[in-house]
Amino acid sequence: MKQSFYKKAKEVYNNLLILERESSKKVINLLTEFGELTVTQMFIKMRCEQPVVSNALRDLKRLGVVKFDREGKNMFYSIDKEGVQKINNATRNITWKVKS
């Protein structure tokens with residue numbers, strides 16, 4: 001039980017570190033504001049290099065925070081509300097267990 005709790009707590013902590021990165025926050029803010037964007041649209045709006053956006057998107061997709069739809073050659077990224085809810089729930093569960 002304790003090992004499972006600590007493993008889950010570490011996973012939540014690592015996820016929060018990714019969400020705390022400046023590039024991740026900017027991507028999330030853009031997608032929240034505009035709904036759907038391509039990588040090109042994001043790096044132009046962020047005024048940064050394309051790999052910065054691509055790396056942030058890779059991590060956010062892995063966490064389930066971002067989803068994508070392909071339309072021809074274009075990939076449109078948006079916020080995955082179900083994935084965000086899962087992270088919120090996991091964070092709440094860890095917080096609750098620590099307080100208990």
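Guide: Helices (H or I, at least four residues) and strands (E, at least two) are DSSP runs, numbered from the N terminus. The model is predicted, so local features need pLDDT of at least 70 and side-chain atom pairs count only at pLDDT 80 or more, while totals for chains, interfaces and linings use all residues. Residues are numbered from 1 along each chain as its sequence is written, and side-chain values use heavy atoms, with hydrogens and water left out.

Visitor: In what order do the elements of the chain run from the N terminus on?

Guide: The chain holds five helices and two strands. Read from the N terminus on, the order of these elements is α-α-α-α-β-β-α.

Visitor: Which residues of helix α3 are buried?

Guide: A residue is buried under 20% relative accessible area, exposed over 50%, and partly exposed in between, with a 1.4 Å probe and protein chains only. Helix α3 spans residues 39-46, and its buried residues include Val 39, Met 42 and Met 46. These residues lie on the same side of α3, because they cover an arc of only 65 degrees around the axis; the arc is that of the directions from the helix axis to the C-beta atoms. The elements that cover the buried residues of α3 include α2 (22-34), α4 (50-63) and β2 (74-79).

Visitor: How are α2 and α3 oriented to each other?

Guide: Axes are lines fitted to C-alpha atoms, for helices over the stretch in contact, and angles run from 0 to 180 degrees between N-to-C directions. The axes of α2 and α3 come within 11 Å and cross at roughly 110 degrees. Angles under 35 degrees count as roughly parallel, over 145 as roughly antiparallel, 65 to 115 as roughly perpendicular and the rest as oblique. Therefore α2 and α3 are roughly perpendicular to each other.

Visitor: Which residues of α3 make the contact with α2?

Guide: Contact means heavy atoms within 4.5 Å. On the side of α2, the contact is made by Ser 23, Lys 26, Val 27, Leu 30, Leu 31 and Phe 34. On the side of α3, it is made by Met 42, Lys 45 and Met 46.

Visitor: Is Arg 47 buried or exposed?

Guide: Arg 47 follows α3 and is found in the loop between α3 and α4. Its phi is near 55 degrees, a positive value in a residue other than glycine. With a relative accessible area of 78%, Arg 47 is exposed.
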